[in-house]
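Student: Hey, I've just opened this one and I'm new to it. Can you walk me through?

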Amino acid sequence: MLKNLCQKMFGRSLWVYHANSGGCNGCDIEVLNVLTPYYDVERFGIKLVGSPRHADVMLCQGPAMRSTAQALKRAYDAMPAPKLVFAIGSCACGGGIWFDSYSVLGPVEKVVPVNFYIPGCPPRPEAIIYGVAVAVGLVDKKTAPVKFKQIEMPIPRYHPQDLSGRDELVVYEKVEKV
Amino acid sequence: MSVLSKLKEAVICLKAGRVTLPYPAQAQPVPEKFRGRPIFDAAKCTGCGGCANNCPAREILLFDLCQEIRILQYLGRRCAYCGRCADVCPEKAITMSHEFETGTNSIGDIQQRVELFMSTCQRCGRCFKEPSTLEQLKLKGYRVDDVAHERWVFRSKSYLETEPVVDDIKIEMD
Ligand code: SF4
Ligand code: SF4
Ligand code: SF4
């Protein structure tokens, strides 16, 4: 649904504003790499603009920091609606390696709402193009949560959500009879 | 002079030809040593916790549902693809894949969750994993059945809160 909305709203020509709120510059270099003739993202109509007031999309790099969170928030507020936010790199997606340091507030999600995530440290230019292509609906996303159980419990079937604590023990409430 | 330089530029451009990659339409191979997203092989993992201890981003969580079930959860939001988990794993259960196309609109899409079956040592009471599935099946002592009330009783006290671990980010500002 978000994809349809994106296609309708943005007409496949995104003007992007590039905001670094405290990353190490690795992601910035990859984003600039995307704009070079080698990857040439302008063939999708994507254009880098210098002011958030002209932008449809904000590319966030780096975590929300104590010192930059307010500025990031203001840049987001300055963008005209409808607007999208892309979190590029593991700093922006989850806080990065230094997520627990004193100056890092956490992922940019804590400050601005994020629509698309492109993890990687830094993500390959191809990965960034892929994320943008997912956003404008050129390709389908490939990831899905993976769950694996090493053993299926023998009958009766086992559901972790039916476990409950009871004074000294953990008991399994619902037993499915065979 | 300027016309000449323009001509020279044109010649250079023509000589270079077309360099733009036809990327999303056509797959782009990665270099041999590229590290993408780590993939967990649940059949090999013994739940030792080495990866969780060594991850610099604390992206691998390990918790015990009860004495018998251990959950290994890889969240992937701030994974730096550094490969330390794959390096440290004694069972070689983690491979750094070449997968990089992980752009998504929901951060929970990247997570991997492995439910491991552990059994209890009769002597020391700690968890271990039997080598084969057959031995796991042969082992019957991992739970006691409360026949009177028709329910299972696990030996351990610890159990999991039902809240999800991934979408736990709360918006707060200074
Ligand atoms: S994700 Fe990695 S490369 Fe990008 S800004 Fe953070 S530390 Fe630097
Ligand atoms: S690759 Fe590095 S950051 Fe990612 S899960 Fe493994 S140890 Fe953690
Ligand atoms: S993946 Fe490897 S290091 Fe991590 S818990 Fe399993 S066996 Fe241990």
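This is a predicted model: local features need pLDDT of at least 70, side-chain atom pairs count only at pLDDT 80 or more; totals for chains, interfaces and linings use all residues.

Student: Okay, how many helices and strands are in chain A?

Tutor: Five helices and 10 strands, taken as DSSP runs (H or I, at least four residues, for helices; E, at least two, for strands) numbered from the N terminus.

Student: And what share of chain A is buried?

Tutor: Of its 178 residues, 52% are buried, meaning under 20% relative accessible area (1.4 Å probe, protein chains only).

Student: New topic: which residues sit around ligand 1?

Tutor: Among them are Cys24(A), Cys27(A), Cys91(A), Cys121(A) and Trp98(A), each with a heavy atom within 4 Å. α2 (26-34) and α4 (89-94) of chain A each give two or more residues, and α4(A) has the largest share, three.

Student: What classes are they?

Tutor: Six nonpolar, five polar and no charged. Here Ala, Val, Leu, Ile, Met, Phe, Trp, Tyr, Cys and Pro count as nonpolar, Asp, Glu, Lys and Arg as charged, and the others, Gly among them, as polar.

Student: What about the classes around ligand 2?

Tutor: That shell has 10 nonpolar, one polar and one charged. Its residues include Cys55(B), Tyr74(B), Arg84(B) and Met96(B).

Conventions. Residues are numbered from 1 along each chain as its sequence is written. Chains are lettered from A and ligands numbered from 1 in the order in which they are written. Side-chain values use heavy atoms; hydrogens and water are left out. Buried means under 20% relative accessible area, exposed over 50%, partly exposed in between (1.4 Å probe, protein chains only).
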